[in-house]
Amino acid sequence: RSSAEKRVRELHDLLSQYNYEYHVLDKPSVPDVEYDQLLTELKELEEAFPDLQSPDSPTQRVGGAVLDQFKKVTHRSPMLSLGNAFNEADLRSFDRRIRESMGDHVSYICELKIDGLAISLRYEDGLFVQGATRGDGTIGEDITANLRTIRSIPLRLRQPFSIEVRGEAFMPMSSFLALNEEKEKNAEEPFANPRNAAAGSLRQLDPRIAASRNLDIFLYGIGDPGETGVESQSEGLNLLSELGLKTNNERRVCPTIDDVISYVQEWTERRAELSYDIDGIVIKVNSLAQQEELGFTAKSPRWAIAYKFPAEEVVTI
Ligand SMILES: Cc1ccc(Cn2cc(C(N)=O)ccc2=O)c(C)c1
């Protein structure tokens, strides 16, 4: 019995580590079949000793119950929408406005703008306890059961933080193409784009459907950064990564607007090489103290802007 308890803990830690290597780092250290054998061993032990099961076990990703509706969730801090920039002139006037009120000691950070569904994850003492859609920015829908099926979302952080994190859930292009092939084979309406496919998958009341859709996620924000001691967006992203959360590696600190414009040009060209859709670049003032000083307009921060790629000309044949 105690040896079963010890083995369950061991398998727990092993499988969580391997899952992290495969889905977050994209660098597995063991073959898939070894992962599968260990997972099967854990399932058998948990069946033999049900009290050894725990909510953060790798066997607990796909919940059983089919919901009849989603609960509402009020976000502790509102999930913002960003103002848009469409060209270099818009970016330069954004920079001018910032430097008029902040002086010249401002540095930016650029991040790819993932074309998916904005979501918020809440962890208590390291345990994943709730996940919600952005909704109207203040009230979203509780889609915890569906988010638990996303393998790159850890069910327990690598440090026991109580924290609310924000990110974008998305469907990789390969999963989107395979899903639409399947739909066409069954004479079902295909999804128009990966964003709709991700949103449609996370709105399913049966978590087994979300589990079958190979969704992924990038986290980019901390709901209550003050409590973590981080002082910039780039430090915040590094903390998320240290906690075992998936962040996008293409982020870059850009000290001047010229550096921002170079980054925007680079990713306008390199966009097609990504395995997921992006619809632009998010540019933020990196310092959290300067973000605080700049504050918000009626509906969006003064310290950030979303550069939107020109809509791709749609060729209808
Ligand atoms: C049978 C099987 C088991 C696991 C996986 C994928 N995978 C692999 C690992 C691993 N190698 O560390 C960890 C988690 C995981 O989800 C596939 C594709 C097929």
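**Exercise 1.** Find what joins the side chains of Glu 164 and Ser 120, and describe the surroundings of Glu 164.

*Solution.* 
Step 1. The side chains of Glu 164 and Ser 120 are joined by a polar contact of 3.1 Å. A polar contact is a pair of N or O atoms within 3.5 Å; within protein, one must be able to donate a hydrogen and the other to accept it, and residues adjacent in sequence count only if both atoms are side-chain atoms.

The model is predicted: local features need pLDDT of at least 70, side-chain atom pairs count only at pLDDT 80 or more, and totals for chains, interfaces and linings use all residues. Residues are numbered from 1 along each chain as its sequence is written, and side-chain values use heavy atoms, with hydrogens and water left out.

Step 2. Glu 164 sits in strand S7, residues 163–170. Helices (H or I, at least four residues) and strands (E, at least two) are DSSP runs, numbered from the N terminus.

Step 3. Leaving aside residues up to four places away in sequence, Glu 164 touches several residues, including His 75, Arg 122 and Asp 224. Contact means heavy atoms within 4.5 Å.

**Exercise 2.** Decide whether Glu 164, Pro 310 and Asp 26 are buried or exposed.

*Solution.* 
Step 1. Take the cut-offs: buried means under 20% relative accessible area, exposed over 50%, partly exposed in between (1.4 Å probe, protein chains only).

Step 2. Glu 164 counts as buried because its relative accessibility is 5%.

Step 3. Pro 310, in the segment after strand S11 (304–308), has 57% relative accessibility and so counts as exposed.

Step 4. Asp 26 has a relative accessible area of 62%, so Asp 26 is exposed.

Step 5. For the chain, buried residues make up 47% of the 317 residues.

**Exercise 3.** Compare the radius of gyration of the chain with that of a compact globule.

*Solution.* 
Step 1. The radius is taken over C-alpha atoms; the globule rule is 2.2 Å times the number of residues to the power 0.38.

Step 2. With 317 residues the rule gives a radius near 20 Å, and the chain has 21 Å, so the two agree.
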